[in-house]
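Please find below some notes for a colleague who is meeting this structure for the first time.

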Amino acid sequence: MKISTRLIVVLACAGLQTFAWSQQEAETLDEVVLTDSRFALKKENSGKQIITISRETLSRNQGNSLASVINQQSGITINGSQSVAGQPLGTFIRGGNNRQVLVLIDGVALSDPSTIANEFDLRLLDINSIESIEIIKGAASTLYGNSAATAVINITTRKADREAISAQLTAVAGTNEAQSQRNFSWNDFQNHVQLSGTLNKLTYMASFGNQFTDGLSAVEDPMTNEKDRFSRYNSQFKLGYRFSEAFSLTLYGLQDFFKSAYDNSFPIADAPFDSRSEQYRGGLSGGL
């Protein structure tokens, strides 16, 4: 009887040591995809083809547009992304066009009713305000409707830093000249500033970005020597409060604006045309 009692005590102590050791051991979780099934799912358990663009990849593409970064991915073609800054874009994935590609920003489907295809204009966004991008290629319409017949582009914006106060400043400058030009003048400027932090249960973030590009024309005409300028402004704020470990609320607002010069497409000729687009987004979202 005494031997069995001691044995139980020894096993109990060993169990406590094992439990204490497991509490201290760090664990790395597998990558989780949120878009192709609308709930958390391990990537290897998903039957769909998914492309993930991380914050690190976006940071290495400073100076490039969002369309140019997405155009680098396999099986995706965005016409106009390698042309003069601000030129109209055409997204082609798996044989489909713009109207068959759905764009989500923080889980909300966006579109532009002023366009014929009702698609969202990627020229509005700044890559410095984006945390990550997930792209699902294939017939995702069973989950997201007929506007997602060929692909879903899910964009997640950046969140507040965990420090009490954090500031980030990004500045990019370039020449934006043709190969035949050797003036080496600065014609492309991009700037982004972000202030964010966490104060106990309160989180905050405010950012502003702008881009101005000059120097090239989509259609060259020695007689006019007209340049197609592009300018964009982005601003956003987020204010959140965590009520408990299981619930939080975030109030957010964003403004995106761009102005772009373009030329006549039929017949192809240099022309002083301008297009403008401005979009406001705001709301109150809850989360874990």
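The numbered points below go from the basis of the model to its sheet, cores, cavities, strand pairs and loops.

1. Basis. This is a predicted model, in which local features need pLDDT of at least 70 and side-chain atom pairs count only at pLDDT 80 or more, while totals for chains, interfaces and linings use all residues. Residues are numbered from 1 along each chain as its sequence is written, and side-chain values use heavy atoms, with hydrogens and water left out.

2. The open sheet. Five strands form an open sheet in the order β3-β8-β9-β6-β7, and their pairing is mixed. Helices (H or I, at least four residues) and strands (E, at least two) are DSSP runs numbered from the N terminus, and two strands pair if DSSP finds at least two bridges between them. At the edges lie β3 (49-53) and β7 (108-110), each of which pairs on one side only. Strand β3 pairs with β8 (residues 130-137) in the antiparallel sense over 5 bridges, and within this pair Ile 50 stands opposite Ile 136.

3. The largest nonpolar core. A nonpolar core is a set of buried Ala, Val, Leu, Ile, Met, Phe, Trp, Tyr and Cys residues joined through side-chain atoms within 4.5 Å, where buried means under 20% relative accessible area, exposed over 50%, and partly exposed in between (1.4 Å probe, protein chains only). The largest such core has 28 residues, and those that touch the most other members include Leu 66, Phe 120 and Ile 135. Among the elements that give two or more residues to this core are β3, β8 and β9 (151-157), but the largest share, 4 residues, comes from helix α3.

4. Contacts of two residues. With contact taken as heavy atoms within 4.5 Å, and leaving aside residues up to four places away in sequence, Ile 135 touches residues that include Ile 51, Ile 70 and Val 152. Asn 71 is found in helix α3, and on the same terms Asn 71 touches Ile 76, Thr 77, Ile 78, Ser 81 and Gln 82. The C-alpha atoms of Asn 71 and Gln 82 are separated by 8.8 Å, although these residues are 11 apart along the chain.

5. Cavities. How many cavities of 30 Å³ or more does the structure hold? There are 3 cavities of that volume, a cavity being a set of points, on a 1 Å grid over the protein atoms alone, where a 1.4 Å probe fits but cannot get out, with lining residues having an atom within 4 Å of a point. Grid points are joined across faces, edges and corners, and a volume is the space filled by probe spheres set on the points. The largest cavity holds about 90 Å³ of space, and of the 16 residues that line this cavity, the closest to its centre are Ser 129, Asn 234, Gln 236, Leu 254 and Asp 256.

6. Paired strands. Strands β12 and β13 run antiparallel and are joined by 12 bridges, with Ser 207 opposite Gln 236 in β13. Strand β13 is in turn joined to β14 by 14 bridges, again antiparallel, and a hairpin connects β13 to β14 through 2 residues.

7. Two loop residues to check. Asp 106, in the loop between β6 and β7, has a positive phi of about 55 degrees although it is not a glycine, and Asp 106 counts as partly exposed because its relative accessibility is 41%. Asn 200, in the loop between β11 (188-199) and β12, has a positive phi near 60 degrees, and Asn 200 counts as exposed because its relative accessibility is 75%.

How values were computed:
On a 1 Å grid over the protein atoms alone, a cavity is a set of points where a 1.4 Å probe fits but cannot get out, and a pocket is an open set with protein on both sides within 12 Å along at least five of seven lines; lining residues have an atom within 4 Å of a point.
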